[in-house]
Amino acid sequence: MSKTVGLAGAGSIAFGTAAVLHEAGHDPMLWSPSGAGTAELAKGEALRATGAVETTLTPRIADSAATLARENDVLIIALPGYGHKTVLDALAPHIEDRHHVIVSSHASLGAVYLMQLLAERGVVAPITAWGTTICTGRRQSGTEVKVNTVRSRVDLCTVPEDRSADALALCQALFGDRFQPRDGLLAISLSNLNPQNHMGIALGNITRMERGETRSRGQNVTPKVGRLLEELDRERLEIAQALGLEVRTIFEHFHLSFHVPVASISEMNQQMHAQGNGGTGPATADSRYVTEDVPYGLVLTAALGRLAGHPAPLHEAGIRIFSAMYGRDFEAENQILAALDLDRFSLGRAEGRREDGAFASTCQRVTRAGDITKKTPYRGNKKSHHWTNKETTPCRN
Ligand SMILES: NC(=O)C1=CN([C@@H]2O[C@H](COP(=O)(O)OP(=O)(O)OC[C@H]3O[C@@H](n4cnc5c(N)ncnc54)[C@H](OP(=O)(O)O)[C@@H]3O)[C@@H](O)[C@H]2O)C=CC1
Ligand SMILES: CC(C)(CO)C(=O)C(=O)O
């Protein structure tokens, strides 16, 4: 049955996802928070998708968050993490029990933040967090998108948990049999590989980014960049294991997303390039590979590593190196973590608490706040860690 689906965002993923939905017989609507992203479409121009999806559609256009919510049963958040808080704040007052919200892709506990906003209004709508996007691609203009791939598997979980079965059925009805349920929001947070992948790619290509040079992304995952990605992956997997969570490996990720045989990460990327879907690397330093993935990705993984007693030195180094390169404090830029006030969950020595007890209660309280994960076995934490809760300046990149 055809569904009305409102997409918050009008960039590459919102355009690509609208095309995928249209091809499957659904009825997408786009909302550009500033209006700029849908200026041409709002005049009635058609949206053309090429590549892995070839179609032309005339999506409905929303002029506000209220319209997007009113006119659709399903809402998909499809924009970078640095826009999530603004957009969730705008949508939350209009979300009702009848809605189903999907976050594509989930960044930094945004689903917990939205749950809290809805709880304040007594609304219980299922929120499904995806570990990544259903497609990849790049917006070419106000009316065109190149879709590089439609993924065969996307990790997901739903809060509240008792809505998981309905949520899975809905995602399948919209996009087909492409979903792998995971055990809670921490597993989904640790299933998003963009932050680690983009850290390696951006570090290996930062001078090209700064000089504005266009290049193949896959081809430039050279053996040494590939090895760095594999080592970053090892850190993420160790954290997941310490938390008792099952997550995909980087090898599975590239295999399931880009349909290439499993080999070394560099070889898999060379193969993607040879098949024509290696993508294009960022050609500006002002790229979400850094401005989104460091504050909303690396910062969360590094913090979870400290909490789990498995610090992630490469991730930590990435935060520091990019902060030094950009002259910014990326750790302080995460608006969602700041709004969740995770200082309440500090593992500090204050009040004479034993750190392991504080960690256990952190897990329980976070779990209660958002049902983040069903099982968070404690493996011991010797290091003191404080979540920072500094004021952040909204950043619009
Ligand atoms: N593109 C890809 O292939 C992949 C993307 N992803 C992830 O998917 C998500 C979306 O990516 P993508 O579509 O490429 O990103 P884009 O940069 O293309 O998204 C642009 C959209 O985001 C909105 N936006 C940007 N900043 C803000 C802000 N501060 N507040 C509100 N809205 C804002 C823009 O609003 P406006 O219309 O007002 O200008 C626009 O609608 C990201 O999390 C990304 O990491 C993951 C894997 C692959
Ligand atoms: C290819 C790459 C690194 C780009 O984001 C990726 O991992 C993805 O899209 O899932």
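**Close-up 1. The shell around ligand 2, by residue class.** By class, 1 nonpolar, 6 polar and no charged residues make up the shell around ligand 2 in this predicted model. Here Ala, Val, Leu, Ile, Met, Phe, Trp, Tyr, Cys and Pro count as nonpolar, Asp, Glu, Lys and Arg as charged, and the others, Gly among them, as polar. The residues that surround ligand 2 are T132, T136, L193, N194, N197, S257 and G279. A residue is near a molecule if its C-beta atom, placed from the backbone, lies within 6 Å of it.

Residues are numbered from 1 along each chain as its sequence is written, while chains are lettered from A and ligands numbered from 1 in the order in which they are written. The model is predicted, so local features need pLDDT of at least 70 and side-chain atom pairs count only at pLDDT 80 or more, whereas totals for chains, interfaces and linings use all residues.

Close-up 2. Helices (H or I, at least four residues) and strands (E, at least two) are DSSP runs, numbered from the N terminus.

**Close-up 3. The loop between strand 7 and helix 5.** Look in this loop, between strand 7 (100-103) and helix 5 (110-120), for S105. A cis peptide bond, with omega about 0°, joins S104 and S105. S108 is found in the loop between strand 7 and helix 5 too, and its phi is positive, near 55°. S108 counts as buried because it has 27 C-beta neighbours inside 10 Å; the cut-offs are 20 or more other C-beta atoms within 10 Å for buried, 12 or fewer for exposed, and in between for partly exposed, with C-beta atoms placed from the backbone.

**Close-up 4. Two further loops.** P160 sits in the loop between strand 11 (154-159) and helix 6 (164-175), and a cis peptide bond with omega about -10° joins V159 and P160. In the loop between helix 10 (250-258) and helix 11 (265-274) you will find H259. The phi of H259 is positive, near 60°. H259 is partly exposed, since 16 other C-beta atoms lie within 10 Å. Most residues other than glycine have a negative phi, and most peptide bonds are trans.
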